[in-house]
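I opened this notebook to record what I looked up in the model. The entries follow the order in which I consulted it.

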Amino acid sequence: MRSTSSKNRTHRAARTAAAVCAGALALSLTACGGDDKDSGNEQGGSEESASTVTLPRLNGESLEVAAVWTGAEQENFKKVLAEFEKRTGAKVTFVPAQDPIINFLGSKVAGGQPPDVAMLPQPGAIKQAVDKKWAKPLGADAVKELQQNYSAGWQDIGKVDDKQYGVYYKAANKSLIWYNAQVFENAGAAEPKTWDELLTTAQTVYDSGVTPFSVGGADGWTLTDWFENVYLSQAGPEKYDQLAKHEIKWTDASVKDALTTLAQVWGKKDYVAGGADGALQTDFPTSVTQVFTGGDQPKAAMVYEGDFAQVNIVQAKAAVGTDAKVFPFPTVGDTAPVVSGGDAAVILQDSKAAQALATWLASPDAATIQAKLGGYLSPNKNVENSAYPNEVQRKIAKALIDSGDDFRFDMSDQAPQAFGGTPGKGEWKALQDFLKNPTDIAGTQQRLEADAAAAYGN
C-alpha cells in the first residue's frame, strides 16, 4: 500500500485537483443504472483481446506469479495469465500469497525460491523490495508500454529513486459507498452528498428497521480506508500528504477531528451491524454480501469500500446498478475525497520471460481481458471504456482515467509496512481498537503516533 519516495506524493494544485476529481466522480455516479445485471462473470474473459503489444516466443519457459488475490479475483487474473501463455508459449503458475505479501516474499527469498513476479499492493512494499535488493528494474519494452498507456502519476508511484520497478496493473477507486436499493426505497432514504446528510440518511434507514452500516472490521485495511476518506476531505490534500509522510504527527489536531467525525458512525449505538464486536469478526467479503442478502431485511443497508466490492455483490446474486447502487463518499470538508489504491507487478527474478510478463501486464490487451470480467479497474488509459461490463463500472473507470494525475493514493499504502499494512499491528490494530472504543480518541492518537514513529524512524 508504504514509502514516500514517489514523486506524486505532492501533486500539483492539490486542492483544485481534489475538487475537480471529486466533482467528476460525483457526476459520473449520478443515477447509475441500466444494463448492469451481467456484472461480468459470464462475459468476455475467455475472448482474446486485439493485439496491441509485441511479445517474444517463450516456448519452454516457466514463470511463477505471486499475489494475495483469492476467489473470483484470482480466477479472473488467471485468465489474463492464460492469454499470456497462449501468445508466448510460456507456462505461468499462480502462487497464492499471504498478507502482508512482503513477509511472504521474505520467506521465499530466504529459501532461495522467490517467485519471478509479485503483485505488490503498496508503493512502500515496492520500496522495501528495492531496498532489500529483491526487485529488478523494468526493461525498455515494459517502460515503453507504460509510457504509452499510463499517466505520469501512475508511472511515478511505481518508481523508486526515479527508476521504474512497478507496473500498476490494477487500480481501485476507494471513495464509494454501496447501498441496498430496496432498503433505501422502503425507508424513503436519499443518496447523501455531505457527511451531515449521510448521518441523516443513516437515521432514516435505522428508523425503518434496518441497521445502517456494515463494517468489515476484521480486516484492518477497511478501517484505514474509512479514516483516509474522512481525513482527506476534512483536513485537505496538503495535510493528507504530510501525514502520509509522517511530516506531521498523529497527535495533530487534524487527526483528532477525523477520529471525532468517524465516531459519529462507529460510536453510534446500533448503527453498525453486529455492533463493534460483530464488526471486528466480519471480514471484508462478508461485510459486502450481508448488505445484499436477506431480501429487504438485510443485516445492513450500506457498506463503504471501493469499486472492487462488485465482485462480492455479484457473489451475493445482486445486480449492480439495480439491486446494488453506489454514491461517492460524502463531503466532510471543502471537497469530496478521492482515494485510490492499486496493485503493481514487480520483477523479483530477472529474465526475458519475466520482463515479457511485465510488458504484457502494462498493455491494454491484458487489462481488457480482466475488465470484461467485472470487479476490476485499470489505470491503463488505453483500455476501451466499453470493455467494462456494466454502466456503473464504466462510469467509475471513466472518472479514474479522466482524473489523470490528480488523485491521492491510499495513505496506509504509502506508509512502512509495519505501520500501514500488517494485521494486528500499527494503524490496522489501532483503528480496530478505536472501532471497539470510539470514545478513546486521545489514546488512539498516542498509539498511532508511537507506532508511526517507530516504523518511519523519525
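Which residues in helix 11 are buried? I found Ser254, Val255, Ala258, Leu259, Thr261, Leu262, Ala263, Val265 and Trp266 to be buried (under 20% relative accessible area, 1.4 Å probe, protein chains only). Helices (H or I, at least four residues) and strands (E, at least two) are DSSP runs, numbered from the N terminus.

I noted the basis of the entries. This is a predicted model, in which local features need pLDDT of at least 70 and side-chain atom pairs count only at pLDDT 80 or more, while totals for chains, interfaces and linings use all residues. Residues are numbered from 1 along each chain as its sequence is written, and side-chain values use heavy atoms, with hydrogens and water left out.

I then looked up the cover of helix 11. Its buried residues are covered by elements including helix 8 (195-207), helix 9 (220-235) and helix 21 (441-456).

I turned to the strands, where pairing requires at least two DSSP bridges. Strand 1 (residues 62-67) pairs with strand 2 (residues 91-96) in the parallel sense over 6 bridges; Glu64 has Thr93 of strand 2 as bridge partner. Strand 1 also pairs in the parallel sense with strand 3 (residues 117-120), over 2 bridges, and Val65 stands opposite Val117 there.

Finally, I recorded the confidence: pLDDT (the predictor's confidence in each residue, from 0 to 100) averages 89 over the chain.

Definitions and conventions:
Buried < 20%, exposed > 50% of the residue type's maximum accessible area, 1.4 Å probe, protein only. Contact = heavy atoms within 4.5 Å.
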